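Please look over the structure that follows before reading on.

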Amino acid sequence: MQRRFIAGAVCPRCSAMDKVVMYDDAEGRRVRECVACGFRDALNEQGHPTELPTRVNQPRAGEQPLAHEDEVQVVRLFDVASPQPKE
Ligand SMILES: [Zn+2]
């Protein structure tokens with residue numbers, strides 16, 4: 001799995017800079033992850049954040065839900081405006 005640091009990216013959770021890596025997960029989704037705090041979310045093909053699909057594999061009638069399916073937590077991004085320096 002190839003991980004690339006996103007230059008200048010700031011983690012929306014812990015505000016650490018240059019700690020965010022981008023990679024494709026096992027299901028082919030492009031995700032970014034903060035190596036400092038563990039924050040993780042999905043990116044679209046343009047590399048912008050997007051909401052994770054609630055369920056990729058909808059169980060069909062008569063089928064058991066897949067055992068490997070995990071609960072997907074959608075992380076809402078709040079606007080991280082450039083912080084005002086305090087002087
Ligand atoms: Zn972080």
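Cys11 is buried at 0% relative accessibility, where buried means under 20% relative accessible area, exposed means over 50%, and partly exposed lies in between, with a 1.4 Å probe and protein chains only. This is a predicted model, in which local features need pLDDT of at least 70 and side-chain atom pairs count only at pLDDT 80 or more, whereas totals for chains, interfaces and linings use all residues. Residues are numbered from 1 along each chain as its sequence is written, and side-chain values use heavy atoms, with hydrogens and water left out.

Through its SG atom, Cys11 coordinates the zinc ion together with the SG atoms of Cys14, Cys34 and Cys37, at 2.2 to 2.3 Å. Donors here are N, O and S atoms within 2.8 Å of the metal (3.2 Å for Na, K and Ca), and since water is not among the atoms, sites may look incomplete. The angles among the four donor atoms run from 105 to 114°, and the site of the zinc ion is tetrahedral; four donors count as tetrahedral if all angles lie between 85 and 135 degrees. Along the chain, the donors of the zinc ion follow the spacing C-x2-C-x19-C-x2-C. Cys11 lies in the loop between β1 (4–5) and β2 (20–24), and Cys37 in the loop between β3 (30–34) and β4 (40–43), so the pair ties together parts that are 26 residues apart in sequence. Cys37, with a relative accessible area of 29%, is partly exposed.

The strands named here are DSSP runs of E with at least two residues, numbered from the N terminus, and two strands pair if DSSP finds at least two bridges between them. β1 and β2 run antiparallel and are joined by two bridges, with Val21 in β2 as the bridge partner of Phe5. β2 in turn pairs with β3 in the antiparallel sense over five bridges, and in this pairing Met22 stands opposite Arg32 in β3. The hairpin of β2 and β3 has five residues between the strands, and Gly28 takes a positive phi near 80° there. β3 and β4 run antiparallel as well, joined by four bridges, and they form a hairpin with five residues between them, where Gly38 in the turn has a positive phi of about 90°.

Arg32 leads from the strands to the charged side chains. Its bridge partner in β4 is Asp41, and the side chains of Arg32 and Asp41 also meet in a salt bridge of 2.7 Å, N to O, where a salt bridge is a side-chain nitrogen of Lys or Arg within 4 Å of a carboxyl oxygen of Asp or Glu. Both Arg32 and Asp41 are buried. Side chains of opposite charge can pair when their charged atoms come close, and the structure holds seven salt bridges.

Another of these salt bridges joins the side chains of Arg3 and Glu33 at 3.8 Å, N to O. Arg3 lies in the segment before β1 and Glu33 in strand β3, so the pair ties together parts that are 30 residues apart in sequence. Arg3 is partly exposed at 40% relative accessibility, whereas Glu33 is buried at 17%. A further salt bridge, of 3.3 Å from N to O, is formed by the side chains of Glu27 and Arg29; Glu27 is exposed at 51% relative accessibility, while Arg29 is partly exposed, with a relative accessible area of 21%. Salt bridges that share partners join Arg3, Asp25, Glu27, Arg29, Glu33 and Arg40 into one network.

Tyr23 and Arg3 are 20 residues apart in sequence, but their C-alpha atoms are 4.9 Å apart in space.

Asp25 is placed in the loop between β2 and β3 and is buried at 11% relative accessibility. A polar atom of the Asp25 side chain lies 2.9 Å from the backbone nitrogen of Glu27. Leaving aside neighbours within four places in sequence, Asp25 is in contact with Val31 and Arg40, contact meaning heavy atoms within 4.5 Å.

Conventions:
Tetrahedral: all angles 85-135°; square planar, octahedral: opposite > 155°, others 65-115°. Polar contact = N/O pair within 3.5 Å; in protein donor to acceptor, adjacent residues only side chain to side chain.
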